[in-house]
Amino acid sequence: MRISAASDASLIDAIAGADVARFLADWRAVAGQTPGAEAPVGVAVSGGTDSLALLLLARAAFPGAVVAATVDHGLRAESADEAAFVGTLCARIGVPHAILPPRPEMLAGGNLQDRARAMRYRCLADWAVAADAPWVAAAHQQDDLAETFLLRARRGAGLGGLAAMLPCRPLRPGAPTLLVRPLLGWSRAELAARVQAAGIEPVEDPSNRHPRFDRSRVRRLLAETPELPPARLALAASNLRDAEAVLDWVAAREWAPRAQVEDRKVTLDLADLPRELRRRLVARALKTVVDAPPPRGSGLDRLIAAVDAGGVATLAGVVVRPGPRWQFAPAPPHRSP
């Protein structure tokens, strides 16, 4: 990782006008408003190719309205130097930069990469609030969409799992900051070309190529298989995102006349509905009772099958009883022996 001996002005001017116009159009399509000095965009920068390209594009598109942060997970010996490298680049292009230190309590339990991702978003959310940044931009791009699509298809995911990641969503529930992904239409190769043109050698995380990680293996498969073009897989995922939005809209419309909610209890009429709409309404009923993200996949399917068969079933702290209108209520607490 290094920065060329080019002048600071050359780094700032490395992004062509056509790229700025394209990025601006992509930003406005997903975020609506344009950042300004009083409402800056926070850019998450790891030092890898994609995030460096995002930093350069945002700096060119929104001069004086960009702040950046690097989350130092502390999981590799090189991470401190990599964060410092990003700080040096930001100083040269006039972007305030913060290094967010590791928070070990956030790394307890579960898959390591999933834990690190969750910690990263929590740190960024706290930082964005302190920086008065309405948005945090992440550098997910077209190849990421393709990789995620294949990973989830291999696991038998349904429509929601196969749909492309949302281009804009709350960074965390209840927080005012939005997570924005303006590069979903850009390929990894396009972004790498912009970083190379600026004379920057990016950070290379060895885990991105390690075969023990599922995503690394899928990335290699895509690189070696011309019959799986990432752009077309990303398009399929985007089309499924549109279909997911339609089904969410239909489910919300069906909920109003079919559900009755009173004191954390729900009665629900599921008659004459297609299977997928029944699943969505049942998931919404579960969430309404316990105010938590509902389980999906096989657990939800088993619950529906059990109640369809006339049984009483419990899932995620909710007991469900059959009848002309299914009844959802908090499950009674377990009694200690």
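Guide: C123 is buried, with a relative accessible area of 5%; buried means under 20% relative accessible area, exposed over 50%, and partly exposed in between, with a 1.4 Å probe and protein chains only. The model is predicted, so local features need pLDDT of at least 70 and side-chain atom pairs count only at pLDDT 80 or more, while totals for chains, interfaces and linings use all residues. Residues are numbered from 1 along each chain as its sequence is written, and side-chain values use heavy atoms, with hydrogens and water left out.

Visitor: How many disulfides are there?

Guide: A disulfide is a pair of cysteine sulfur atoms within 2.5 Å. By this rule the count is 0 disulfides. C90 is in no disulfide, and its nearest cysteine sulfur, that of C123, is 17 Å away. C123 is likewise in no disulfide, its nearest cysteine sulfur being that of C90. C90 counts as buried, at 0% relative accessibility.

Visitor: How is the chain described as a whole?

Guide: Helices (H or I, at least four residues) and strands (E, at least two) are DSSP runs, numbered from the N terminus. The protein chain has 12 helices and 13 strands, and 42% of its 337 residues count as buried. Its C-alpha atoms fill a box of roughly 75 × 45 × 40 Å along the principal axes. Contact means heavy atoms within 4.5 Å. Among contacts with a separation of 6 or more, 68% come from residues 24 or more positions apart.

Visitor: In what order do the strands of the open sheet lie?

Guide: Strands of a sheet pair through backbone hydrogen bonds, either parallel or antiparallel. Two strands are taken to pair if DSSP finds at least two bridges between them. Here an open sheet of 6 strands has the order 4-3-2-5-7-6, with mixed pairing. Strand 4 (97-100) and strand 6 are the edge strands, each pairing on one side only. Neighbouring strands of this sheet are turned by 30° against each other on average, direction ignored.

Visitor: Which polar contacts does the side chain of S51 make?

Guide: A polar contact is a pair of N or O atoms within 3.5 Å; within protein, one must be able to donate a hydrogen and the other to accept it, and residues adjacent in sequence count only if both atoms are side-chain atoms. S51 is in helix 3. Its side chain reaches the backbone nitrogen of S46 at 3.1 Å, and a polar atom of that side chain lies 3.3 Å from the backbone oxygen of G48. S51 counts as buried, at 6% relative accessibility. Leaving aside neighbours within four places in sequence, S51 is in contact with A44, V45, S46 and A139.

Visitor: Is T177 buried or exposed?

Guide: T177 is buried, with a relative accessible area of 2%. Its place is in the loop between strand 6 (168-170) and strand 7 (178-180). Beyond neighbours within four places in sequence, the contacts of T177 include W135, V136 and R169.

Visitor: How far does helix 11 reach from its first C-alpha to its last?

Guide: The expected span of a helix is 1.5 Å times one less than its number of residues. Helix 11 (residues 275-290) has 16 residues and reaches 23 Å, close to the 22 Å expected. Its buried residues include L281, A285 and V289. A285 is at 0% relative accessibility and, leaving aside neighbours within four places in sequence, is in contact with W255, V266, L268 and F328. Just after helix 11, D291 takes a positive phi of about 50°.

Key. Axes fitted to C-alpha atoms, helices over the stretch in contact; angles between N-to-C directions.
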